[in-house]
Amino acid sequence: MDERERKQLNVVHERDLDLLLERFGIKDIFLANQIKCKFCNRLVNKENVYSFLPESGMVNVICDAPECILQLSQYIEEKKKGIIEE
């Protein structure tokens, strides 16, 4: 039996999204469709949001485009390896 790395996954149900946005302090600008994806600069809204990435006192938002999801995964791995610093 192979050992698999266990990872914690934090998820938010869509009915709790407004509360999360309030906690991050970005609810008004998110709902006004004024936040762009960290990787592709496409506007992110409730229909295309994939992830939130808190870092350096701010919150980056990632859209659901496959290339952005892949970039997010690579970005997180590079941060773990210390290639990218906060």
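Predicted model: local features only at pLDDT ≥ 70, side-chain atom pairs only at ≥ 80, totals over all residues.
## Isoleucine 35

Isoleucine 35 is located in the loop that lies between α2 (27-31) and β1 (49-55). Because its relative accessibility is 9%, isoleucine 35 counts as buried.

Leaving aside residues up to four places away in sequence, isoleucine 35 touches Ile26, Ile29, Phe30, Arg42, Leu43, Val44 and Val61. Valine 61 stands 26 residues from isoleucine 35 along the chain, and the C-alpha atoms of the two are separated by 7.4 Å.

The structure contains zero disulfides. For cysteine 37, which is in no disulfide, the nearest cysteine sulfur is that of cysteine 68, 3.7 Å away. Cysteine 40 is likewise in no disulfide, and its nearest cysteine sulfur, also that of cysteine 68, is 3.6 Å away. A disulfide is assigned here to a pair of cysteine sulfur atoms within 2.5 Å.

Cysteine 37 counts as buried because its relative accessibility is 1%. Cysteine 40, with a relative accessible area of 32%, is partly exposed. Residues up to four places away in sequence being excluded, cysteine 37 touches Arg42, Val44, Val61, Ile62, Cys63 and Cys68.

Technical notes: Residues numbered from 1 in each chain as written. Heavy atoms only, no water. Helix = DSSP H or I, 4+ residues; strand = E, 2+ residues; numbered from the N terminus. Buried < 20%, exposed > 50% of the residue type's maximum accessible area, 1.4 Å probe, protein only. Contact = heavy atoms within 4.5 Å.
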